[in-house]
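Subject: Structure handover

Hello,

Here is the structure for your files. My notes on what was found in it follow below.

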Amino acid sequence: MAQESPKNSAAEIPVTSNGQLEDSHEHSFNRDLKRSLPVGLGLSETKITSHGFDGTKEGVVETETFAGSSASPKSSVISPSSAAASRLAGQGCDLIIPTGGRSQQKSGPVVLADEVKNPAMEKLELVRKWSLNTYKCTRQIISEKLGRGSRTVDLELEAQIDILRDNKKKYENILRLAQMLSTQLFQMVHTQRQLGDAFADLSLKSLELHEEFGYNADTQKLLAKNGETLLGAINFFIASVNTLVNKTIEDTLLTVKQYESARIEYDAYRTDLEELNLGPRDANTLPKIEQSQQLFQVHKEKYDKMRNDVSIKLKFLEENKVKVLHNQLVLFHNAIAAYFAGNQKQLEQTLKQFHIKLKTPGADAPSWLEEQ
């Protein structure tokens, strides 16, 4: 029997009884693919699924074994950019897209987990809100300075704040003068101490003027001692007034600044709401009006809270200021009067009354043993 010529599978075109093609394009492609696969795989059917692909992801070709075969199902990874992937797309085949580095071999839609919020987007949103708020506040400030915008004023609270700022300037002036007096008194005490030492030295070396130099030495040393006592009282007065001015009052003024910022924001969003209410009301403007109403309410609550905080702090500050300044002014008066009256006992009693301890000259210096 003559050997049959080998048949070209690409040339076979099976037809039906009515002359139409027997298989669709998809079946023809699958048959060609099965013949091109290695025989060792033992495949009877190749199933290709797709749930859409793009040029940057890989597809998976699912394969099934012959019935009764012990070989486990395998999958071959193909690149969508290859010619086979292009034919898969053209045939409308299903392709499984691996997610998370693992291929999904189940048919059906692939469900991806919600993406984690991008920190950069959150920061961008915060910057956008800050820029919008800054723009509104700047516009409100400019409008107020030009006399075009309206502002919310609490007359009683504003008057108290003005008095506080004026008093702070006056207390700072008193503090500056007291520090100047302390510096000058320290120099005078230092000079009196040196002068007393010089008189004492001459009293020992000049026998004919021993008593006279001795009297002057004792007087200068006594004045220096009383001056040190007065210096301690003045420094205590300076420390107390400095705490009142640069800490207590400054803390209250910081709250006042926060209150003024909240007032500007409140007026800015109030102006926006009033402008929107004056305009037309339609489907586009109603959501904007509702959002503006919410923002206005938020800043109104913040403004009311800051106004209440300022009122409370001003009340406590006034009570504390009266108590502190009363004690310090009595101390300053009694110490100055006793010093210039030469009443050493009264001067020392004044310091004991206010629990002021004087530092002994040279007490802070280390001993020779500590220096070694």
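Leaving aside neighbours within four places in sequence, which residues is Phe199 in contact with? They are Phe213, Asn216, Ala217 and Gln220, where contact means heavy atoms within 4.5 Å. Phe199 lies in helix 4. Its relative accessible area is 17%, so Phe199 is buried (buried is under 20% relative accessible area, exposed over 50%, partly exposed in between, with a 1.4 Å probe and protein chains only).

Model and conventions

This is a predicted model, in which local features need pLDDT of at least 70 and side-chain atom pairs count only at pLDDT 80 or more, while totals for chains, interfaces and linings use all residues. Residues are numbered from 1 along each chain as its sequence is written, and side-chain values use heavy atoms, with hydrogens and water left out.

Confidence

The protein chain has a mean pLDDT of 73, with 65% of its residues at 70 or more; pLDDT is the predictor's confidence in each residue, from 0 to 100. Residues 1-25 have pLDDT below 50, and this stretch has 12 contacts in the model beyond near neighbours in sequence. Residues 361-372 also stay under 50, with three contacts beyond four places in sequence. Where pLDDT is low, the predicted coordinates should not be read in detail.

Overall layout

The protein chain has eight helices and three strands, in the order α-β-β-β-α-α-α-α-α-α-α along the sequence. Both are DSSP runs numbered from the N terminus: helices are H or I with at least four residues, strands E with at least two. Of the 372 residues, 27% count as buried. Among contacts with a separation of 6 or more, 68% are between residues 24 or more positions apart.

Core

The largest nonpolar core has 41 residues. Such a core is a set of buried Ala, Val, Leu, Ile, Met, Phe, Trp, Tyr and Cys residues joined through side-chain atoms within 4.5 Å. Ile161, Leu185, Ile249, Tyr259 and Val310 touch the most other members. At least two residues of this core come from each of helix 4 (155-205), helix 5 (210-278), helix 6 (285-340) and helix 7 (344-353). Helix 5 supplies the largest share, 17 residues. Beyond four places in sequence, Ile249 is in contact with Leu164, Lys168, Tyr171, Leu244 and Leu317.

Helix packing

Helix 5 and helix 6 have axes that come within 8 Å and cross at roughly 165°. Axes are lines fitted to C-alpha atoms, for helices over the stretch in contact, and angles run from 0 to 180 degrees between N-to-C directions. Helix 5 and helix 6 are therefore roughly antiparallel (over 145 degrees; under 35 is roughly parallel, 65 to 115 roughly perpendicular, the rest oblique). Their crossing is left-handed, that is, the near helix is turned anticlockwise from the far one by less than a right angle.

Helix 5 and helix 7 pack at about 25°, with axes 10 Å apart, and are therefore roughly parallel. This crossing is left-handed. In helix 5, Leu222, Lys225, Asn226, Thr229, Leu230 and Ala233 meet Gln344, Leu347, Glu348 and Leu351 of helix 7. Leu351 is buried, with a relative accessible area of 4%. Leu351 and Ala233 are 118 residues apart in sequence and 6.7 Å apart in space, C-alpha to C-alpha.

Regards
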